[in-house]
Amino acid sequence: APSIYGHETIKTALALSLFGGNTKVVRNKHRIRGDINVLLMGDPGVGKSQFLKYTEKLARRAVYSTGQGASAVGLTAAVRMDALTKEWTLEGGALVLADRGVCLIDEFDKMNDKDRTSIHEAMEQQSISISKAGIVATLQARCAVIAAANPIGGRYDVSRSFRDNVELTEPILDRFDILCVVRDVVDPVADEQLARYVVRSHMES
């Protein structure tokens, strides 16, 4: 996001996720994903949502959702009955719709544990298994996941570890390849440079 001052490391991580890596298939049996999952975690008001919004514009295929408004069904897949044919049909969620692209999840920490558990398979095996209403299917979810979360208490505590600062379980954290911390550090010199940058960008726009 060119409009955001600094944060070169985070911008590099997002660029790596957009470009992705190489998918490997070991002996035609075991598949190792090449997509890079990124978690942005830090103080409120430091531009995490703006990073996700700009990535959505930049990516070839991207699906944006929020943790508060997303459920397990909304992220994975749902089985619904067609009103006309009265037959059960599959509807893909955000991760399925983002196949071969990027799935962006804001306010990731606001999701409940049950909904987060449902995306474990999608983030590692990049597939979603469905077995409902007599429908047994496997949907492809070959996408990178870029999520943003706030720390416990609203501020990142440097005296505690990353895991202790965020209300996420270890299995979900282990599925992120890059963990980025965004902090609002009190620095008069840096704050003045930031203020000048913001004012100049508004004047030039």
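Figure 1. Leu194 sits in helix 9, which covers residues 188-204; helices here are DSSP runs of H or I with at least four residues, strands are runs of E with at least two, and both are numbered from the N terminus. This is a predicted model, in which local features need pLDDT of at least 70, side-chain atom pairs count only at pLDDT 80 or more, and totals for chains, interfaces and linings use all residues. Residues are numbered from 1 along each chain as its sequence is written, and side-chain values use heavy atoms, with hydrogens and water left out. With Tyr5 and Val198, Leu194 makes a nonpolar surface patch of about 220 Å². Patch members have over 30% relative accessible area and no salt bridge; nonpolar side chains (Val, Leu, Ile, Met, Phe, Trp, Tyr) are joined within 5 Å, and like charges within 9 Å. Leu194 itself is partly exposed, at a relative accessible area of 36%. On this scale, buried means under 20%, exposed means over 50%, and partly exposed lies in between (1.4 Å probe, protein chains only).

**Figure 2. Helix 1 against helix 2.** Two packed helices are described by the angle between their axes and the distance between the axes. Here the axes of helix 1 (residues 8-19) and helix 2 (residues 48-58) come within 12 Å and cross at roughly 35 degrees. The axes are lines fitted to C-alpha atoms over the stretch in contact, with angles running from 0 to 180 degrees between N-to-C directions. The crossing of helix 1 over helix 2 is right-handed, meaning that the near helix is turned clockwise from the far one by less than a right angle. Look for Ile10, Lys11, Leu14 and Leu18 on helix 1, which make the contact with Phe51, Thr55 and Leu58 on helix 2. Contact means heavy atoms within 4.5 Å.

**Figure 3. A salt-bridge network around Arg33.** Arg33, Glu124 and Asp177 are linked in a network of salt bridges, each bridge being a side-chain nitrogen of Lys or Arg within 4 Å of a carboxyl oxygen of Asp or Glu. The N to O distance is 3.7 Å for Arg33 and Glu124. That pair links distant parts of the chain, 91 residues apart: Arg33 is in the loop between strand 2 (30-32) and strand 3 (38-42), and Glu124 is in helix 6 (residues 120-124). For Arg33 and Asp177, the N to O distance is 2.8 Å. Asp177 lies in the loop between helix 8 (170-173) and strand 11 (178-182), so its pairing with Arg33 ties together parts that are 144 residues apart in sequence. Arg33 is buried, with a relative accessible area of 12%, whereas Glu124 is partly exposed at 32% and Asp177 is partly exposed at 43%.

**Figure 4. A salt bridge between two strands.** The closest N and O atoms of Arg80 and Glu91 are 2.9 Å apart, forming a salt bridge. Glu91 belongs to strand 6 (residues 88-92) and Arg80 to strand 5 (residues 77-81), so the pair ties together parts that are 11 residues apart in sequence. Glu91 is partly exposed at 40% relative accessibility, and Arg80 is partly exposed at 44%. The count for the structure comes to nine salt bridges.

**Figure 5. Stepping back to the whole protein.** The protein has nine helices and 11 strands. Its C-alpha trace spans about 65 × 35 × 35 Å along the principal axes. Of the 205 residues, 41% are buried.

Definitions and conventions:
Areas by Shrake-Rupley, 256 points an atom, 1.4 Å probe, with all protein chains shown as cover.
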